[in-house]
Amino acid sequence: MPTIVTHAAVPLCLGLGLGRKIIPTRLLFAGMVLSMLPDADVLSFKLGVAYANEFGHRGFTHSLLFAFFVPILCLLGTRWFRASILRVWSFLTVSLLSHSLLDSVTTGGMGVGWLWPWSDERFFAPWQVIKVAPFALSRYLTPSGFAVIYSELQWVWLPGFVFIGVLFLIRKIGMLR
């Protein structure tokens, strides 16, 4: 998995690039929270659930069903988000889907359970470029921890900042309102 902070990069960059008129601050914050939500499944380790179990890490909380259903629940707060139902659902769905997509391009783990409950199979993207992050915070102060941070900067944050710039320019020339 990428670090938990890097999971928030996708909604953060998308929201900043589109601007507050399109993605209000409350919606941006919710997108960032939802982009990190699937990793709550690491709590299953404390309950004795095995990694490979469908309720283990990268299991059902990383599935397409989870990514489409949770934003539907969030629609109950559409007025709080100060955005249309379609905008709230779309942004939150992209935010949540980005989590399992990023996990699928890491160099480790057992893959992502995209098709739960229909299949227990785990999947990786055709290429794995982001170094898998360690679970222990202390391991980030090692050479392999620095390699993880560097790979996330290279493959997520740098493209994210370029994406912000492109969206900003598109807004400035009036193609996006």
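The legends below describe close-up views of a predicted model. Local features require pLDDT of at least 70, side-chain atom pairs count only at pLDDT 80 or more, and totals for chains, interfaces and linings use all residues. Residues are numbered from 1 along each chain as its sequence is written, and side-chain values use heavy atoms, with hydrogens and water left out.

**View 1. Packing of helix α2 against helix α7.**
Two packed helices are described by the angle between their axes and the distance between the axes. Helix α2 spans residues 9–18 and helix α7 spans residues 85–104; helices (H or I, at least four residues) and strands (E, at least two) are DSSP runs numbered from the N terminus. The two pack at an angle of about 140 degrees, with axes 8 Å apart. α2 is therefore oblique to α7. Under 35 degrees counts as roughly parallel, over 145 as roughly antiparallel, 65 to 115 as roughly perpendicular, and the rest as oblique. Axes are lines fitted to C-alpha atoms, for helices over the stretch in contact, and angles run from 0 to 180 degrees between N-to-C directions.

**View 2. Residues at the contact of α2 with α7.**
From α2 the contact uses Val10, Pro11, Leu14 and Gly15, and from α7 it uses Phe91, Val94, Ser95, Ser98 and Leu102. Contact means heavy atoms within 4.5 Å. By class, the residues of this contact are six nonpolar, three polar and no charged. Ala, Val, Leu, Ile, Met, Phe, Trp, Tyr, Cys and Pro count as nonpolar, Asp, Glu, Lys and Arg as charged, and the others, Gly among them, as polar.

**View 3. Stretches annotated as transmembrane region.**
An unreviewed UniProt entry places the annotation "transmembrane region" on residues 60–81, 88–116 and 153–170. The positions are given in the numbering used here, feature names are shortened, and annotations may be inferred rather than shown by experiment. In the model, residues 88–116 are 59% helix and 0% strand, with end C-alpha atoms 24 Å apart. Residues 153–170 are 100% helix and 0% strand, and their end C-alpha atoms are 24 Å apart.

Thr78 lies in helix α6, residues 78–81. Thr78 is buried because its relative accessibility is 11%; buried means under 20% relative accessible area, exposed over 50%, and partly exposed in between (1.4 Å probe, protein chains only). Leaving out residues up to four places away in sequence, Thr78 touches Ala83, Ser84, Ile85 and Val88. Ile170 belongs to helix α8, residues 143–172, and is partly exposed at 27% relative accessibility.

**View 4. Backbone geometry in the loops.**
Most residues other than glycine have a negative phi, and most peptide bonds are trans. Arg58, in the loop between α4 (43–46) and α5 (64–74), has a positive phi of about 65 degrees and is buried, with a relative accessible area of 0%. Arg82, in the loop between α6 and α7, has a positive phi near 60 degrees but is exposed, with a relative accessible area of 59%. The peptide bond from Trp116 to Pro117 is cis, with omega near 10 degrees. Pro117 sits in the loop between α7 and α8.

**View 5. Cysteines.**
Cys13 is buried at 3% relative accessibility, and Cys74 is buried at 18%. The whole structure contains zero disulfides, a disulfide being a pair of cysteine sulfur atoms within 2.5 Å.
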